[in-house]
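Hi everyone, thanks for coming.

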Amino acid sequence: MKRQDVQERIISVYIHRFDPTSDKKPRAVLYELAVEQGMTVLDGLHRIKETQDPTLAFRFSCRMGVCGSCAMLINGKPMLACNTQILDVTDKALTVAPLPNFRVVRDLVPDLAPLFKKHVQVNPYIVRTDGHEMESPSGEFIQTPEELIKYLQFTYCIKCGACVAACPTAATDENYLGPMALAQAYRYIVDSRDDGFHSRKSVVGADKAVFNCHYAGECSAVCPKGVDPARAIQFMKRELVRDYLLMRRHTAPLKARALNDKSKEKKTPLPVPPYTVDR
Amino acid sequence: MTDNKTSGNRLGVKGWFAGGRWGMERYIYAIHRLTGLGLLLFLTIHIFESSMRIYGAPVWERTMAFLDHPLFAAGEFLIIIGFAFHAINGLRLVFLELGFGVGKAIEPVYPYRTSVQVQRPLAIAVMILSALLIAAGGIDLFFIRP
């Protein structure tokens, strides 16, 4: 590492502060921060809280881009504070604000309760008619790699709310279900173990849901985990259109296979990998 | 939590233009909405203007004379712009919303390649086709028709 890389530099950090007991609306407060190579926005906020202003409030937990607690608006873009290095964003001025399209509880802490309520509405779990199999499965639900890849991408969602903060439809419509909940609905609908399309259809196909999305693509562009909610929403629309035109093929949900069931293995033996060296 | 005193932070119409990564699709989204509203306004005015027929030939002639102003020619050009963009982008949206042109679900590996990049050629084609239609409409309106 070059010497200049480890040198500190002073940058101006504008943090949007809001105290519910005294403020009517958020105000930007300027802090000077000595930034070094590798320092994340979350590190910077901790440094300011420790050395300049202990009243600064922000939400965080894992510090490694897994929990989704620290999403905030960093220089105008929704990002995870723990996953964003300050010098990757700026070397002069940094503006940190709470996620838009959510109410602000205090300083950089958004109220994510509406996000989670909408998530619950889409039944974000495997729905099956054979309840006993869900409670005490008689075996494993074995999926092929092709079945897995259909929903794998959408399982990486950490519910940080960055997609909703970037969504222009959510900006003007508080009741819009939002990219996170819709992508999660599709994640379960496309799962071969699930049989809940019809129970979710009334929620995702209703007003203020998938058909309010006109593909701005911002949710996918800002997602810190590459979940691509915009893709899931378009696929969901296709499923709903197919269902409306009676063209949606209903396949029975995957059945559990008992651990001692050898019958399938006889029919479809595991493929032998090709030799990697000359015999 | 929602019952506590909190600050509303919804971006409103400003959120059509800001708050994300400023990809071109966001602006296409905003222009699509604005042109949709513009075309709706035009339709309302057009129905009102056409309804002048019921008051007889003299009223209709006066209405036509009033509308034969360069300002309305400019307005007509705005309608061509709105219509060209809204129609072609509408086709793109129908195509995308049926699940075409957004690629297949993949395992997200950094750097992520999302459906936004996959459909980008379509968005560029919308801009080019709209520009061609607008140019053709403008030539017809300002150079051929007079």
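**A helix pair in chain B**

Let's start with a crossing: α3(B) and α4(B) cross in a right-handed way, where right-handed means that the near helix is turned clockwise from the far one by less than a right angle, and left-handed that it is turned anticlockwise. Helices here are DSSP runs of H or I with at least four residues, strands are runs of E with at least two, and both are numbered from the N terminus.

Before going further, some housekeeping. This is a predicted model, in which local features need pLDDT of at least 70 and side-chain atom pairs count only at pLDDT 80 or more, while totals for chains, interfaces and linings use all residues. Residues are numbered from 1 along each chain as its sequence is written, chains are lettered from A and ligands numbered from 1 in the order in which they are written, and side-chain values use heavy atoms, with hydrogens and water left out.

Back to our pair. Helix α3 of chain B covers residues 70–97 and helix α4 of chain B covers residues 115–144; they pack at about 155 degrees with axes 9 Å apart. The axes are lines fitted to C-alpha atoms, for helices over the stretch in contact, and angles run from 0 to 180 degrees between N-to-C directions. α3(B) and α4(B) are therefore roughly antiparallel, a label for angles over 145 degrees; under 35 is roughly parallel, 65 to 115 roughly perpendicular, and the rest oblique. Their contact is made up of 18 nonpolar, five polar and two charged residues. For those classes, Ala, Val, Leu, Ile, Met, Phe, Trp, Tyr, Cys and Pro are nonpolar, Asp, Glu, Lys and Arg are charged, and the others, Gly among them, are polar.

Stay in the loop between α3 and α4 of chain B for a moment, where you'll find B:P111. B:Y110 and B:P111 are joined by a cis peptide bond, with omega at about -5 degrees.

**Over to chain A**

Now look at α6(A), residues 145–155, against α9(A): an angle of about 155 degrees again, and axes 9 Å apart. This crossing is left-handed. On the α6(A) side the contact, meaning heavy atoms within 4.5 Å, uses A:K150, A:Y151, A:F154 and A:T155, and on the α9(A) side A:A183, A:Q184, A:Y186 and A:R187.

α9(A) has another partner, α10(A): their axes come within 10 Å and cross at roughly 160 degrees. That crossing is left-handed too. By class, the contact of α9(A) with α10(A) has six nonpolar residues, no polar and one charged.

One backbone detail in chain A: A:N101 is not a glycine, yet its phi is positive, about 70 degrees. You'll see A:N101 in the loop between β5 (93–97) and β6 (104–106) of chain A.

**Where the chains meet**

How many residues does each chain bring to the contact? Chain A supplies 58 and chain B supplies 41. About 4200 Å² is buried between them, 55% of it from carbon and sulfur atoms; buried area is the accessible area (1.4 Å probe) that two parts lose on being put together, summed over both. In chain A, the residues losing the most area to chain B are A:H214, A:Y215 and A:R231, together 16% of what that side buries.

Two salt bridges span this interface, counting a side-chain nitrogen of Lys or Arg within 4 Å of a carboxyl oxygen of Asp or Glu. B:R26 pairs this way with A:E218, their closest N and O atoms 3.3 Å apart. Over all chains, the count is 18.

Thanks, everyone, and I'm happy to take questions!
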